[in-house]
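Here is a short briefing for a first look. Start with the view below, then work through the topics in turn.

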Amino acid sequence: MNDDAPATAQDRVNRTVWMELGQVARFASAAGWIDRSERVLVERVMGGRTDLEVLDIGVGGGRTVPLLSTSAARYVGIDFLEELVAAARRRFPDADLRVGDARALDFPDASFDVVMFSSNGLDAISHADRETALHEIRRVLRSDGVFLFSTHNSDGPGPRERPWGVPPVTLKQPRSSARTVARRVMHLPIAVKNFRRLRPLGSSGNDWRVTVSGAHDFGLLVHYTTAAGLLTALRDAGFLGEVELWDDRAGLPAATARPQNRWWYFNVLARCSPAALV
């Protein structure tokens, strides 16, 4: 976060969770793609290109560094948590990794061809700050640039999740699902405590809400948006080209994916103009 800007309640809550013992190490060990949709979109934009200048926002412990930097003419990764940037630098000492904030990007106008903000990182900040970040991202993109990101779905199951409910279970990953259920039972007391403490800090408006997420034992406050609200926010920020919504996991565009009320989050490709590079 910009050192001159006051921290919001959402900033304070989320920063505390991410800096808990063990979290930095967990982020620093993350590797590979989050989901198939992320991979499909990145490979579509980056595939075969060696001339693109890329800004990676919310680089965390460095998961996305090798996914984006190896084929970029210029790569810069930023995160607003110094501890995570330090961890990423230890993993990738040759990469250009900096402390920075999406709400006040320290780059000239039209500096990049591609900006990526993965892992729903945009949702960690308040609604007003989100608008600021979107305008900043558009400012540093070139007129034919693209913005790749993911963001929580307000019409999906996320906002309805409760500590005492059954977590997502899938037959495709029975062991993982069993571990998730067992962890939910063991951590129920702290999850209920977090949920009751943080829920009053939420807010909402037309097509968006900030509320408690089930992640980290219901310890985070995140921003959720509808598809319509997302499109409006991007248009208002100056993304005037086509916006593609892809599902949360399977690598399918909205037209062929399962119904959007089953998506936990959107994967998004937003073009600055109709003449964008993909």
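A residue counts as buried when its relative accessible area is under 20%. N120 has a relative accessible area of 13%, so N120 is buried. Keep in mind that this is a predicted model.

- Most residues other than glycine have a negative phi.
- N120 is not a glycine, yet has a positive phi of about 55°.
- N120 sits in the loop that links β4 (112-117) to α6 (127-140).
- D207 also has a positive phi, of about 70°, and is not a glycine either.
- The loop between β6 (203-205) and β7 (208-213) holds D207.
- D207 is partly exposed, because its relative accessible area is 38%.

**The largest nonpolar core**

- This core has 31 residues, and L55, F147 and L234 touch the most other members.
- At least two residues each come from β1 (53-57), β2 (74-79), β4, α6, β5 (141-153), α10 (227-237), β9 (243-246) and β10.
- Helix α6 gives the largest share, 4 residues.
- Beyond its neighbours within four places in sequence, F147 is in contact with V115, F117, L134, I137, L141, L234, F239, V268, L269 and A270.
- Another core, of 21 residues, lies apart from this one; L52, V59, L97 and V114 are among its members.

- Helix α1 covers residues 9-18.
- Its buried residues are Q10, D11, V13, N14, V17 and W18.
- Those buried residues pack against the helices α2 (23-29), α6, α8 (188-198) and α9 (215-218).
- They also pack against the strands β7 and β8 (220-225).

**A buried strand residue**

- T225 belongs to strand β8.
- With a relative accessible area of 3%, T225 is buried.
- Leaving out neighbours within four places in sequence, T225 contacts R130, T151, H152, N153, S154, D207, W208, L230 and F266.

**After the strand β10**

- L277 lies in the segment that follows β10 (265-271).
- Not counting residues up to four places away in sequence, L277 touches V45, R49, L52, D113, D144 and V146.
- One of them, L52, is a member of the core of 21 residues.
- L277 and A72 are 205 residues apart along the chain, and their C-alpha atoms are separated by 14 Å.

Definitions and conventions: Residues are numbered from 1 along each chain as its sequence is written. This is a predicted model: local features need pLDDT of at least 70, side-chain atom pairs count only at pLDDT 80 or more; totals for chains, interfaces and linings use all residues. Side-chain values use heavy atoms; hydrogens and water are left out. Buried means under 20% relative accessible area, exposed over 50%, partly exposed in between (1.4 Å probe, protein chains only). Contact means heavy atoms within 4.5 Å. A nonpolar core is a set of buried Ala, Val, Leu, Ile, Met, Phe, Trp, Tyr and Cys residues joined through side-chain atoms within 4.5 Å.
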